[in-house]
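Colleague: I would like to understand how this chain is arranged. Please take me through the model step by step.

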Amino acid sequence: MVKLRLKRCGRKQAVYRIVAIDVRSRREGKDLRKVGFYDPMKNQTYLNVPLILYFLEKGAQPTETVENLLKKAEVFNELSSNQMRFN
C-alpha cells in the first residue's frame with residue numbers, strides 16, 4: 001500500500017518533502033515519487049496537484065498531517081470533480 005507522507009529534509013530547521021512511499025518503508029527510506037514540499041517555519045507549501053491526484057485515485061492514503069495540508073489547498077475538491085468527470 002502507498003501512503004502520502006512527510007519526509008524530513010532539514011537538519012537544524014525542519015523542512016519536509018511530501019512523498020509517495022510504500023507503507024513498509026521507514027520515514028527516511030526510499031520514496032516512490034516526490035509530490036510536494038512543506039516548510040512549517042515560513043508556512044510555505046508547494047504541491048504537484050496532478051501527481052497527488054494520480055496517487056489518490058490509485059488508492060494512496062495520506063497521513064493526518066498531509067491530509068490537513070491537502071484540505072487547506074483544496075485538493076480534495078479537485079479529486080471529487082475529476083471523479084465525477086470520469087463517471
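Colleague: Which strand does helix 1 run at about 120° to?
Modeller: In this predicted model, helix 1 (residues 49-57) lies across strand 1, strand 2 (16-22), strand 3 (33-39), strand 4 and strand 5. Helices (H or I, at least four residues) and strands (E, at least two) are DSSP runs, numbered from the N terminus. Axes are lines fitted to C-alpha atoms, for helices over the stretch in contact (heavy atoms within 4.5 Å), and angles run from 0 to 180 degrees between N-to-C directions. The angle of about 120° is made with strand 3.

Colleague: What angle does helix 2 make with strand 1?
Modeller: Helix 2 (residues 64-72) packs on the sheet and touches strand 1, strand 2, strand 3, strand 4 and strand 5. Its direction and that of strand 1 make an angle of about 95°.

Colleague: In what order do the strands form the open sheet?
Modeller: Two strands pair if DSSP finds at least two bridges between them. The pairing here is mixed, and strand 4 (44-47) and strand 5 (61-62) are the edge strands, each pairing on one side only. The order is 4-3-2-1-5.

Colleague: Which residue of strand 5 stands opposite Lys3?
Modeller: Strand 1 (residues 2-8) pairs with strand 5 in the parallel sense, over 2 bridges. Opposite Lys3 stands Gln61.

Colleague: How are residues numbered, and which pLDDT limits apply?
Modeller: Numbering starts from 1 along each chain as its sequence is written, and side-chain values use heavy atoms, without hydrogens and water. In this predicted model, totals for chains, interfaces and linings use all residues, local features need pLDDT of at least 70, and side-chain atom pairs count only at pLDDT 80 or more.
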